[in-house]
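Here are my notes on the structure, as numbered points. Please read them with the model open beside you.

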Amino acid sequence: MKTYKLHFKQNIDKPIDEVFSFFSDPENLALITPEKLNFKILTPVPIKMKEGQLIDYTIELFKKEIRWRTLITEYDFPKMFIDQQIKGPYSLWHHKHSFKDCGDYIEMVDDVSYAIPFGFIGRIVNFLFIERELNYIFNYRKKIINEYFQRKEK
């Protein structure tokens, strides 16, 4: 199974507790996910983030609703948390969210490891579509996150 890795970094000029709280609230995922994915949380809210928490939601790909279940496998406020796919479109999805207080800003890092099913065909689909789409999603998030935290200053 071929595993792919993505790394995204963003600096946010807010206190670490505020930044971590925003990202560890699953309800905020809808704010930072492109509308075309039609993201919906199925797990009743509010969701208390903690190790062992299951979160069910749906996204839409190619006009087809896809159910996705993740498990929070590690949770260390305010430093990091990890969500892993239990059920969904990937053979593997491991997403580590890290937060580092750098004094004047918080460095937020997303490290994603993922694998696609269907062997060689999955590799082609990743090359033609998936990697580009994931980069689009995380770049969209970066833009929305910057706007969100700038609005909170005013």
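1. Phenylalanine 62 sits in the loop between β3 and β4. Strands and helices here are DSSP runs (E, at least two residues, for a strand; H or I, at least four, for a helix), numbered from the N terminus. Phi of phenylalanine 62 is near 50°, which is a positive value in a residue other than glycine. The residue counts as exposed, because its relative accessible area is 68%. The classes are buried (under 20% relative accessible area), exposed (over 50%) and partly exposed (in between), with a 1.4 Å probe and protein chains only.

2. The model is predicted: local features need pLDDT of at least 70, side-chain atom pairs count only at pLDDT 80 or more, and totals for chains, interfaces and linings use all residues. Residues are numbered from 1 along each chain as its sequence is written, and side-chain values use heavy atoms, with hydrogens and water left out.

3. Phenylalanine 118 also has a positive phi, near 80°, in a residue other than glycine. Its place is the loop between β7 and α3. With a relative accessibility of 69%, phenylalanine 118 is exposed.

4. Proline 46 belongs to the loop between β2 and β3. Phenylalanine 77 and proline 78 are likewise joined by a cis peptide bond, with omega about -5°. Proline 78 is in the loop between β4 and β5.

5. Glutamine 53 lies in the loop between β2 (40-41) and β3. Its relative accessible area is 13%, so glutamine 53 is buried. Leaving aside neighbours within four places in sequence, its contacts (heavy atoms within 4.5 Å) are Thr43, Ile47, Lys48, Thr70, Leu71 and Ile72.

6. Glutamine 85 is in strand β5 (residues 80-87). Is glutamine 85 buried or exposed? Glutamine 85 is buried, because its relative accessible area is 14%. A polar atom of its side chain lies 2.4 Å from the backbone oxygen of tyrosine 90. Not counting residues up to four places away in sequence, glutamine 85 touches Trp68, Arg69, Thr70, Tyr90, Ser91 and Trp93.

7. Tyrosine 90 also belongs to the largest nonpolar core, which has 34 residues; Phe23, Tyr90, Phe99 and Tyr114 touch the most other members. A nonpolar core is a set of buried Ala, Val, Leu, Ile, Met, Phe, Trp, Tyr and Cys residues joined through side-chain atoms within 4.5 Å. At least two residues of this core come from each of β1 (3-12), α1 (16-23), β3 (54-61), β4 (64-76), β6 (92-101), β7 (106-115) and α3. The most is given by α3, with 6 residues. Beyond its neighbours within four places in sequence, tyrosine 90 contacts several residues, including Trp68, Tyr114, Ile130 and Leu134.

8. A search of the whole structure finds 4 salt bridges. A salt bridge is a side-chain nitrogen of Lys or Arg within 4 Å of a carboxyl oxygen of Asp or Glu. One of them joins glutamate 107 and lysine 9 (3.9 Å, N to O). Glutamate 107 is in strand β7 and lysine 9 in strand β1, so the pair ties together parts that are 98 residues apart in sequence. Lysine 9 is partly exposed, at 45% relative accessibility.

9. Another salt bridge is formed by arginine 69 and aspartate 56, whose closest N and O atoms are 2.7 Å apart. Arginine 69 lies in strand β4 and aspartate 56 in strand β3, so this pair ties together parts 13 residues apart in sequence. Arginine 69 is partly exposed, at 31% relative accessibility, whereas aspartate 56 is buried, with a relative accessible area of 15%.

10. Glutamate 147 forms a salt bridge with lysine 143, the closest N and O atoms being 3.2 Å apart. Both residues lie in helix α3, 4 residues apart, about one turn of the helix. Glutamate 147 is partly exposed, with a relative accessible area of 31%, and lysine 143 is partly exposed at 46%.

Note on methods: A polar contact is a pair of N or O atoms within 3.5 Å; within protein, one must be able to donate a hydrogen and the other to accept it, and residues adjacent in sequence count only if both atoms are side-chain atoms.
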